[in-house]
Amino acid sequence: MAATNGVNGAPQQSKDKVFLIWGGEGWVAGHLKELLKQQDEKVFTTTVRMENRESVLAELDRVKPTHVLNCAGCTGRPNVDWCEDNKEKTIRSNVIGTLNLTDCCFLKGVHITVFATGCIYAYDKNHRPGGEGYLETDPANFDGSYYSATKSKVEE
């Protein structure tokens with residue numbers, strides 16, 4: 001039985017993993033990069049805009065990753081409140097960009113993991129501080145900001 005990369009049963013070209021982290025200058029991306037380097041994994045980062053399809057495809061062709069880790073997205077400066085006044089830029093990055101990157105990875109047979117945000121969950125009677133956490137299969141229950149609303153739509 002041939003090994004696959006987990007996407008459409010596409011044959012994996014080699015046993016060597018190549019990680020490409022989108023959002024390469026961000027806080028989460030930096031931590032992932034360090035963790036992968038500590039495990040002697042081959043890792044690259046990029047800041048190519050996810051919503052630019054041609055650039056995304058070119059970056060995938062250039063790096064030839066087996067795994068894409070998407071840590072990119074519009075969080076706003078100085079904070080997520082910026083997204084309230086910049087809705088078009090926010091939705092282009094957090095929704096259109098994420099879906100575009102995911103589609104490009106699908107077409108290239110590359111596994112993608114999306115690291116979205118924890119800002120789509122709010123504590124409730126079943127999830128209290130220090131108690132049971134949320135699972136990735138749990139539906140978002142917080143959309144109190146435009147940023148959170150865009151991130152939760154991609155999670156659906």
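The largest nonpolar core of this predicted model has 14 residues. A nonpolar core is a set of buried Ala, Val, Leu, Ile, Met, Phe, Trp, Tyr and Cys residues joined through side-chain atoms within 4.5 Å. Buried means under 20% relative accessible area (1.4 Å probe, protein chains only). Leu20, Trp22, Val56, Leu60, Val68, Leu101 and Cys105 have the most contacts inside this core. At least two core residues come from each of β1 (18-22), α2 (53-63) and α4 (87-108). A second, separate core has eight residues, among them Phe19, Ile21, Val43 and Cys71.

Cys105 touches Leu60, Val68, Val110 and Ile112, leaving aside residues up to four places away in sequence. Contact here means heavy atoms within 4.5 Å.

The protein chain holds five helices and four strands. Both are DSSP runs, numbered from the N terminus: helices are H or I with at least four residues, strands E with at least two. Their order along the sequence is β-α-β-α-β-α-α-β-α. Of the chain's 156 residues, 34% count as buried.

Helix α5 covers residues 146-155 and packs against α4 at an angle of about 20°, with the axes 9 Å apart. Axes are lines fitted to C-alpha atoms, for helices over the stretch in contact, and angles run from 0 to 180 degrees between N-to-C directions. The two helices, α4 and α5, are therefore roughly parallel (under 35 degrees). On the α4 side, Lys87, Thr90, Ile91, Asn94, Val95 and Thr98 make the contact.

Residues are numbered from 1 along each chain as its sequence is written. In this predicted model, local features need pLDDT of at least 70, side-chain atom pairs count only at pLDDT 80 or more, and totals for chains, interfaces and linings use all residues, while side-chain values use heavy atoms, without hydrogens and water.

Terms used: Buried < 20%, exposed > 50% of the residue type's maximum accessible area, 1.4 Å probe, protein only. Parallel < 35°, antiparallel > 145°, perpendicular 65-115°, else oblique.
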